[in-house]
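Trainee: I've never looked at this one before. Can we walk through it together?

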Amino acid sequence: MSNPALRYSLYRLGIFAALFAVVMVGFGFFDLNGRGNVFIAIAIAAAGSAVISYRFLNAERDAMSEALYERLQRAKQRIAEDNRAEDEAVAPVTRIAKEAS
């Protein structure tokens, strides 16, 4: 997988899904009706996956951050080039307008 943001997101989703399954199995032993446990299991799995991913996915998070930063810099460069080209295209018209007034 070459996209760091996708890789990081899939790791986070996998951790969440695994914790959710473990918590639901744990609740299955305590409450056979299963009412209300899904929301509690989601909250526990979300909190647990946030802690685990914060601790163990540093490299993936850094790679994602770097890739997003580079993408932003390329976009800024393209915008600056477009602005320069537009200024160059408009410069003769601006000069003529100044001379006419």
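Predicted model: local features only at pLDDT ≥ 70, side-chain atom pairs only at ≥ 80, totals over all residues.

Trainee: Which pattern does the protein follow along the sequence?

Mentor: Start with the elements: there are three helices and zero strands. Reading along the sequence then gives α-α-α.

Trainee: How much of the protein counts as buried?

Mentor: Buried means under 20% relative accessible area. The protein has 101 residues, and the part of them that passes as buried is 13%. As for the surface, the protein exposes about 7,900 Å², and carbon and sulfur atoms supply 64% of that.

Trainee: Is Leu13 buried or exposed?

Mentor: Leu13 sits in helix H1, residues 4-30. With Leu6 and Leu10 it forms a nonpolar surface patch, about 270 Å² of accessible area together. The cut-off for exposed is over 50%, and Leu13 has 53% relative accessibility, so Leu13 counts as exposed.

Trainee: And which residues gather in the patch of negative charge on the surface?

Mentor: Take Asp82, which lies in helix H3, residues 58-100. Its relative accessibility is 53%, so Asp82 counts as exposed. The residues gathered in that negative surface patch are Glu81, Asp82, Glu86, Asp87 and Glu88.

Definitions and conventions:
Residues numbered from 1 in each chain as written. Heavy atoms only, no water. Patch = residues over 30% accessible without salt bridge, like charges linked within 9 Å, V, L, I, M, F, W, Y side chains within 5 Å. Areas by Shrake-Rupley, 256 points an atom, 1.4 Å probe, with all protein chains shown as cover. Salt bridge = Lys/Arg side-chain N within 4 Å of Asp/Glu carboxyl O. Lys, Arg positive; Asp, Glu negative; His and termini not counted. Charge placed at Lys NZ, Arg CZ, Asp CG, Glu CD. Helix = DSSP H or I, 4+ residues; strand = E, 2+ residues; numbered from the N terminus. Buried < 20%, exposed > 50% of the residue type's maximum accessible area, 1.4 Å probe, protein only.
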